[in-house]
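This report concerns the salt bridges of one protein model. The sequence and structure are shown first.

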Amino acid sequence: TQSTWGLCEPLHGDGDPESINRWQRAVHSEIRKTKLVRTMAKVNEIDEELDNERKYRRSLVSEKGASTWVSTKPSTLFKTHLSKEEFRDGLCVRYGWKPKATPNSCVCGARYTVNHVLSCPTGGYPSIRHNEIRDFLATTLTEVANSVEVEPHLQPITAEVFDEPVTNTDEEARLDVAVCGLWGSRFEKSFIDVSVFNPLAQTNRERGTVRSYEHHESRKRRKYEGE
């Protein structure tokens, strides 16, 4: 309205919309910076009161994307709906609480703890988590790329020699997903291999999250990109 423009004019010269937009963006940017400073100060204050275990868990749940499952709209189509039990168990894993009604021992015979079952191959949870991500990734890629394959066989090794001893040279070697047109031309094939690890395992905890990501990525590259 005319009265609004009149109020803006003393602040923005002739009150043109572009000047007002620049001023609004500057104000919003300053507000965001102020909120961030306050938030980080509060986080540091809380960290000082936490023991090492809770401080480490706080760093895990603060990672980018670690909280999306909490706020994602439930959908049966995209399989983002959780039962009451699943949601409660997810919160327990997130914050280090003990879920209700858990068995006393794992199927492997060891004492049942959340940390143990997230790493135990006998119980199957590592494979289940890995396959869920692999299948979701493959399904999503069909919407943006071509010729998506799950667990395709790699070309057989003939006389090639690799420097890395961990390079996969098995006759039945395969990886998780192959897709055309994701990078480069629409006929260029890209290969993707999923790695799922337990950040609470002792070795990963000692490395820290950043080094753990780098370690598992490097391990995958040595396995499939041997020179």
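The model is predicted: local features need pLDDT of at least 70, side-chain atom pairs count only at pLDDT 80 or more, and totals for chains, interfaces and linings use all residues. Residues are numbered from 1 along each chain as its sequence is written, and side-chain values use heavy atoms, with hydrogens and water left out.

The structure contains 12 salt bridges, each defined as a side-chain nitrogen of Lys or Arg within 4 Å of a carboxyl oxygen of Asp or Glu. Three of them are listed here.

| Salt bridge | N to O distance |
|---|---|
| Arg58 and Asp47 | 2.7 Å |
| Glu53 and Arg205 | 2.9 Å |
| Glu151 and Arg174 | 3.6 Å |

Arg58 belongs to helix 3 (residues 52-61) and Asp47 to helix 2 (residues 17-49), 11 residues apart; helices (H or I, at least four residues) and strands (E, at least two) are DSSP runs numbered from the N terminus. Asp47 is buried at 12% relative accessible area, whereas Arg58 is partly exposed at 27%. Here buried means under 20% relative accessible area, exposed over 50%, and partly exposed in between (1.4 Å probe, protein chains only).

Glu53 is partly exposed at 33%, and Arg205 is partly exposed at 24%.

Glu151 and Arg174 both lie in the loop between strand 1 (146-150) and strand 2 (177-180), 23 residues apart in sequence. Salt bridges with shared partners join Arg134, Asp135, Glu151 and Arg174 into one network.
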